[in-house]
Amino acid sequence: MVGVSNPIHRRDPRAGRRFLAGFALGQALSVAALAGPLMLVAAAVGRLPLLPRVLLLVALVLVLAAADLTNRTPHVWRQVPQRFARDLHDRPGQLGLIWAFDLGLLVTTQKTTSLLWIALAGAVLLGPPAAVAAVLATAAGWYTLGVAVLTVVAHRSTGTTRLMEGQGPGVRPVRRVVGAASLALAAGLLVML
């Protein structure tokens, strides 16, 4: 993502700002699109007894922790189509909007760790429905902030762009840390019972 937005910003800072404005709007729209259905699921699941919900969350967390620890974080092997960058190069605001909306749907991009899936599962299974919107908005906000900062300050030579794209050398250790923390979370959930 930053590999597209950073060159736009370096070439024309005004176009870069339009890209980032579109990106922020696209993230907000994706949160709105996902929050409603997931909040309905959370409300329905909230009517079930607590024990099966906690056990299901523990099982999901264990599976996702194992995936992260074995460097197999689940995600769809699809990326936002690169043709967007070519077809919309003269409309950076629209490019940012479409790209961010696609990314914000959460299933259309590679994940570095399972942390987002765990947070969403926890919100759906254990939290009030509003927790789902909070998780989605928080993730979108941090992602948008990260893209904005790296768009303005990243340089190809530093490798920052590759790290943010999930290809950097620091990804495996991060996955291991998140996997270990997830195991601790699963243990904590079991102790809560």
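Visitor: What makes Asn-71 partly exposed?
Guide: Asn-71 has a relative accessible area of 24%. Buried means under 20% relative accessible area, exposed means over 50%, and partly exposed is in between (1.4 Å probe, protein chains only). So Asn-71, at 24%, counts as partly exposed. Before we go on: this is a predicted model, where local features need pLDDT of at least 70, side-chain atom pairs count only at pLDDT 80 or more, and totals for chains, interfaces and linings use all residues. Residues are numbered from 1 along each chain as its sequence is written, and side-chain values use heavy atoms, with hydrogens and water left out.

Visitor: Where does Asn-71 lie?
Guide: In the loop between helix H3 (50–69) and helix H4 (83–87). Helices here are DSSP runs (H or I, at least four residues), strands are runs of E (at least two), and both are numbered from the N terminus. Asn-71 also has a positive phi of about 60 degrees, although it is not a glycine. Most residues other than glycine have a negative phi.

Visitor: How many helices and strands are there in the chain?
Guide: There are 9 helices and 0 strands. Of the 193 residues in the chain, 40% are buried.

Visitor: Why is H1 called largely enclosed?
Guide: Because 7 of its 10 residues are buried, H1 is largely enclosed by the rest of the structure. Among the buried ones are Val-2, Gly-3 and His-9.

Visitor: Why is Asn-6 called buried?
Guide: Asn-6 lies in helix H1. Its relative accessibility is 2%, so Asn-6 counts as buried. Leaving out residues up to four places away in sequence, Asn-6 touches Leu-150, Thr-151, Val-152 and Ala-154; contact means heavy atoms within 4.5 Å.

Visitor: What is the distance from the backbone oxygen of Leu-150 to a polar atom of the side chain of Asn-6?
Guide: It is 3.5 Å. A polar contact is a pair of N or O atoms within 3.5 Å; within protein, one must be able to donate a hydrogen and the other to accept it, and residues adjacent in sequence count only if both atoms are side-chain atoms.

Visitor: And Thr-144, is that residue buried or exposed?
Guide: With 16% relative accessibility, Thr-144 counts as buried. Thr-144 is found in helix H7 (residues 129–153). A polar atom of its side chain lies 2.8 Å from the backbone oxygen of Ala-140. Beyond its neighbours within four places in sequence, Thr-144 is in contact with Phe-23, Ala-24 and Gln-27.

Visitor: How do you know that Trp-142 is exposed?
Guide: Trp-142, also found in helix H7, has a relative accessible area of 62%, so the residue is exposed.

Visitor: What about Arg-14, buried or exposed?
Guide: Arg-14 has a relative accessible area of 57%, so this residue is exposed. Arg-14 is found in helix H2. Its C-alpha atom is separated by 9.5 Å from that of Pro-92, 78 residues apart along the chain.

Visitor: How many residues has the largest nonpolar core?
Guide: It has 13, and Phe-19, Phe-23 and Trp-99 are among those with the most contacts inside it. A nonpolar core is a set of buried Ala, Val, Leu, Ile, Met, Phe, Trp, Tyr and Cys residues joined through side-chain atoms within 4.5 Å. Helix H1 (2–11), helix H2 (13–45) and helix H5 (92–104) each give two or more residues to this core. A second, separate core of 12 residues includes Leu-34 and Leu-136.
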